[in-house]
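Me: I would like to go through this fold step by step. Please take my questions one at a time.

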Amino acid sequence: MHRMGDGRESNQQSVSSKTQHMFGVDHQRRQKAPLDARDHDSGWSEFCLRVMSLTLVYSTGAAALLYALFRWVMPAVVQYHGGLAVFWHEAIMGRVLDTLTQSTQPQRLLGAVQKNSTRGNPRSVVQSIDDYCRHQEWAMNVGDEKGCILDSTVSEVNPTYVLELGTYCGYSAVRIASLLGPHAKLYTLEFNKDHAAVARQVIAWAGLEDRVQLVEGSSSEWIPKIKEEFGVKTFDLVFLDHWKEAYLPDTKLMEESGLLRKGTVLLADNVIYPGAPQYLEYIRSSPRYKSQFYQSHLEYTKAADGMEKSVFLG
């Protein structure tokens with residue numbers, strides 16, 4: 001009996017031990033499972049945070065790099081090449097700014113004039129455009145460097161009647177008109193009606209609307225009828241700054257229309273870039289003109305350019 005009792009007790013202890021062991025393992029598993037899940041969640045969260053942080057860092061770095069590329073690097077790179085400068089500033093940056101601001105370059109130039117210049121002060125209008133074009137956005141004005149050649153020519157000729165071919169936003173019109181005498185007049189032709197609308201506002205802001213007659217339309221259309229329309233016999237000074245391909249045919253048209261007198265001065269911009277080779281060949285080889293070249297740079301860049309000053313000899 002004692003042995004039988006020992007066997008049952010031993011057997012019961014064995015069962016109890018196995019049961020406790022089984023339940024103990026399950027209990028431990030049940031205790032550990034939530035802790036393992038929490039550790040897993042914590043690790044995943046930390047991983048996600050690291051990925052987000054790296055993404056933010058790389059995105060910020062890429063944005064900063066892109067900004068530097070657009071703002072400083074490319075403008076510096078294209079400074080010495082006229083073709084690249086025009087392509088970068090007009091075809092790329094111009095379209096980017098048009099999209100971002102939902103406006104056009106002429107409208108932005110007008111905004112700069114109204115914000116940064118003194119109304120009725122032509123020189124402050126010119127200065128505000130130059131500052132904007134040098135530091136904010138390149139534009140195809142004659143610019144400050146070649147503008148000094150234009151100023152010098154106007155002062156030298158002291159014209160009564162001036163013809164400008166290509167107004168754009170009115171920059172050169174303001175430079176010319178501000179140097180005219182009280183009874184002198186500038187006639188400026190602009191093909192693009194949107195440009196003409198802005199130019200009128202810029203000229204008015206400078207206080208020069210009484211000295212400037214802005215005419216909308218093509219030069220080939222208007223040159224033959226200027227005499228009849230405005231009663232002008234001849235011009236003392238002609239500034240060519242429109243389509244370069246039109247320099248030569250428009251010059252011949254002015255000759256045929258009798259708008260040039262002996263001593264009339266023609267000043268042509270951008271004869272190197274974009275260039276007007278046919279005009280230069282004609283004007284320099286013709287016995288009817290005496291020409292002089294003024295070396296300079298494409299507006300607001302270091303790219304080679306220049307102006308051709310030609311005196312009509314009759």
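Me: In which sense do strand 2 and strand 3 pair?
Reply: The model is a predicted one. In general, strands of a sheet pair through backbone hydrogen bonds, either parallel or antiparallel. Between strand 2 and strand 3 there are 5 bridges, and the sense is parallel.

Me: Which residue in strand 3 does Thr188 stand opposite?
Reply: Strand 3 covers residues 212-216, and strand 2 covers 185-190. Thr188 has as its opposite residue in strand 3 Leu214.

Me: Which are the edge strands of the open sheet?
Reply: The open sheet has 7 strands with mixed pairing, in the order 3-2-1-4-5-7-6. An edge strand pairs on one side only. That applies to strand 3 and strand 6.

Me: What angle does the direction of helix 10 make with that of strand 5?
Reply: Helix 10, residues 247-256, packs on the sheet. Among the strands it touches are strand 1, strand 4 and strand 5. With the direction of strand 5, the direction of helix 10 makes an angle of about 165°.

Me: How much space lies in the largest pocket?
Reply: Rolling a probe the size of a water molecule over the atoms shows where empty space is left. For the largest pocket, the space comes to about 690 Å³.

Me: How many residues of the lining of the largest pocket are charged?
Reply: The lining has 31 residues, and those closest to the pocket's centre include Asp241 and Lys244. Of the lining residues, 14 are nonpolar and 11 are polar. The charged ones number 6.

Technical notes. Residues are numbered from 1 along each chain as its sequence is written. This is a predicted model: local features need pLDDT of at least 70, side-chain atom pairs count only at pLDDT 80 or more; totals for chains, interfaces and linings use all residues. Side-chain values use heavy atoms; hydrogens and water are left out. On a 1 Å grid over the protein atoms alone, a cavity is a set of points where a 1.4 Å probe fits but cannot get out, and a pocket is an open set with protein on both sides within 12 Å along at least five of seven lines; lining residues have an atom within 4 Å of a point. Grid points are joined across faces, edges and corners, and a volume is the space filled by probe spheres set on the points. Helices (H or I, at least four residues) and strands (E, at least two) are DSSP runs, numbered from the N terminus. Ala, Val, Leu, Ile, Met, Phe, Trp, Tyr, Cys and Pro count as nonpolar, Asp, Glu, Lys and Arg as charged, and the others, Gly among them, as polar. Two strands pair if DSSP finds at least two bridges between them. Contact means heavy atoms within 4.5 Å. Axes are lines fitted to C-alpha atoms, for helices over the stretch in contact, and angles run from 0 to 180 degrees between N-to-C directions.
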